[in-house]
Every structure is written in C-alpha cells, then in structure tokens.
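Hi everyone, thanks for making time.

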Amino acid sequence: MLFKQQVWLRQKLLVLGSLAVGSLLYLVARVGSLDRLQPICPVEGRFGGASSQAEFPLRALQFKRGLLHEFRKGNTSKEQVRLHDLVQQLPKAIIIGVRKGGTRALLEMLNLHPAVVKASQEIHFFDNDENYAKGIEWYRKKMPFSYPQQITIEKSPAYFITEEVPERIYKMNSSIKLLIIVREPTTRAISDYTQVLEGKERKNKTYYKFEKLAIDSHTCEVNTKYKAVRTSIYTKHLERWLKYFPIEQFHIVDGDRLITEPLPELQLVEKFLNLPPRISQYNLYFNATRGFYCLRFNIIFNKCLAGSKGRIHPEVDPSVITKLRKFFHPFNQKFYQITGRTLNWP
Ligand code: A3P
C-alpha cells in the first residue's frame, strides 16, 4: 500500500516538474524572441514598408523624435543603424532662400511632419567652392539619418543669390523640389540689416544707419549696390534659377503669413511635397511672450525658435521706406507674374 502511494506521488511530481520546466522553457523562448523583435517592429509596423509610402501615423512622430534624435547625436552603433534600416539621403527638397524670409521657421515647422527629416545645420555645399569640391558623398554624409520612406530637407539661404548654385543643384538632381520663402522686400532688407548690425554691436563696432546704406547719398536714389537691397529683388535671382528649373519645381512660401498664420502656409507646402497632411493646429501654438508661433511636437516636447529669430528692427525714416517700396514695386509685379502667387505687397 505504502509502496503504491510512493509510486503515485513520484509520478505526480514528475508530471508537475515537467510542466514547470516546459512553462519555463516556453517563457524563456518567448522573451528571447520578443527581445529580438522589439527594435525592428516599430519600423515595420509604423511605416508599413515601401508600399505604404503615403502613410505616416502620428505615433511615428514621437518615435522619430526620440530615436532619430539619438541617431543624429551619434549615440548609436552601426548595428542599430543597420537594424533600423536607417540611411543618409540626399535632400528631396531644399529651402534655397531667402535670407531673413523665415527659412529657419519653415524648416523647423516642416520637421513637425513625421515624413520629414531636417538637416539641422546650414550645409553651404552648393554656394561654397571649398565644400563643393569635397563632392556629393561629403554632402550626403552631412545629412541626418532617416528611414528610406522619409524625405530629407536642408536649408541654406545663400543658395538663392549665389550665381553657381542652380547649375550645381541641377547636376545633383534635376527634379528636386525648391522652396523659396519671401517677405515683403523692404521689411526683409531691414531684417537683414538688423542681423548685420547686431553682429557689429556684439564686436563693439559701430555701423552705418540703414538709411545711409539703402540710399545713395549722391543720387538720392535706392542704392542697388547694397546687398540687403539686391537680395530683396527676388525676380532677378529667380530668373537665373529658371534657366535650369521649370517654375513648377518651385514653391513660394509667404513668409509674412508664416509669422501670423503658419498652418495654411505649411499645408500648401505639404501638398507641394506630396506629403499626406499631418501638421495640425495642435503642433503650433502662439507664445505671447515671444510674439511668435512656437512648435509642439507632443505633450512633453515643445520649442520656440532661438532669440536671434524675431529681432526688434530699428526705426527707419518713413520716406526711405516709401522710396524702397516704390523701387521694389515693379520687381514684385514681375515676381507675382512669374510665380503665379500674388502677395499684396505695397
Ligand atoms: P526678424 O528677426 O526680422 O523678425 P531666417 O530664419 O530666414 O533668418 O528668418 C528670420 C525671420 O523669421 C525673423 O525675422 C522672423 O520674423 C521670422 N519668423 C517666422 N516665423 C517665426 C517664428 N515662429 N519664430 C521666430 N521667427 C519667425
């Protein structure tokens, strides 16, 4: 009797033991497989491979911010780059100018889109001979890591006014999309002056008044040799670009409207870049202290542009402003005509 009970007990223990070992093995295997899958899942699941190019769920934004930020900072290994399928891609669109038009605001705001990855620094590849001589691979290596379905955008406002740039960009990619953000030309010229003035003051240097630079003291006419004036003659620069690219490859952003009402301007850019509309009012909030719209990426992360954006302009003699506006008027008309975008500048 006692022997039978012992055998029964041993069999029970054996069954329970094998059940426990089996469950343990199953758990180990499951956790192991999850471990291997986890880093890959977000990429495949969220961007759905090459077939669903147009689909970028908003969740991807958070993922992009966290992970891509780490990649940009270089806190990742080659293995992780390979595992996540990340690449450094040449830009599919470039913000070519105009200086002081709101180029930084435009780039940062477009970067809110989950399918867009910005090159944070101005690379000055096409306008700087020394950089250009380093070759296209050097340029590509300056680009941030991105998923293949995303598009990289860079901005270097000097491109717009530099003679050699259109041909060089054309040689890289003749179907590239080109963004130009413009402001009312006189305001832009004063903004340009204000930036230079601040640089001089930082170095304790004195500088001319805007009026003295903008108006030729001998003729009392607008001084077209002054760079800030020349840059604001948008049509002259655009005409050089049109020797290489058809007008359909350009999109004009109204920089004055981007300040007061950014969303509709960004929606036009999304359309131009064939991106699904993803930037919403949630992503943009007005900061009364700054007097500008700031960016909200998610519930935790938001930011305003640096203090160097949105400087207070010096007072300019109203008669000089009137003279400049009169001077720019015919060029503006031509610009509207060429681009098909009327901006109602005075
Ligand atoms: P001001 O400093 O004259 O106001 P860029 O980035 O091309 O240098 O342009 C700078 C201009 O961007 C600023 O010119 C500012 O008016 C404009 N801007 C547009 N949106 C802005 C924003 N959300 N925050 C700060 N500046 C913005």
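Okay, one term before we start: a residue is buried under 20% relative accessible area, exposed over 50%, and partly exposed in between, with a 1.4 Å probe and protein chains only. What you see is a predicted model, where local features need pLDDT of at least 70, side-chain atom pairs count only at pLDDT 80 or more, and totals for chains, interfaces and linings use all residues. Residues are numbered from 1 along each chain as its sequence is written, and side-chain values use heavy atoms, leaving out hydrogens and water.

Now, I299: it counts as exposed because its relative accessibility is 78%. You'll find I299 in the loop between β9 (292-296) and β10 (302-303); strands here are DSSP runs of E, at least two residues, and helices are runs of H or I, at least four, numbered from the N terminus.

Zooming out, the chain has 15 helices and ten strands. Of its 346 residues, 43% are buried. And take contacts, meaning heavy atoms within 4.5 Å: among those between residues at least 6 apart in sequence, 72% join residues at least 24 apart.

So what about strand β7, residues 250-254: covered or open? Mostly covered, with five of its five residues buried. On one side sit F250, I252 and D254, on the other H251 and V253, and all are buried. In a regular strand, side chains alternate between the two faces of the sheet.

And the neighbour? Strand β6 (residues 177-182) runs parallel to β7, joined by five bridges; for pairing, DSSP has to find at least two. Within that pair, V182 stands opposite D254.
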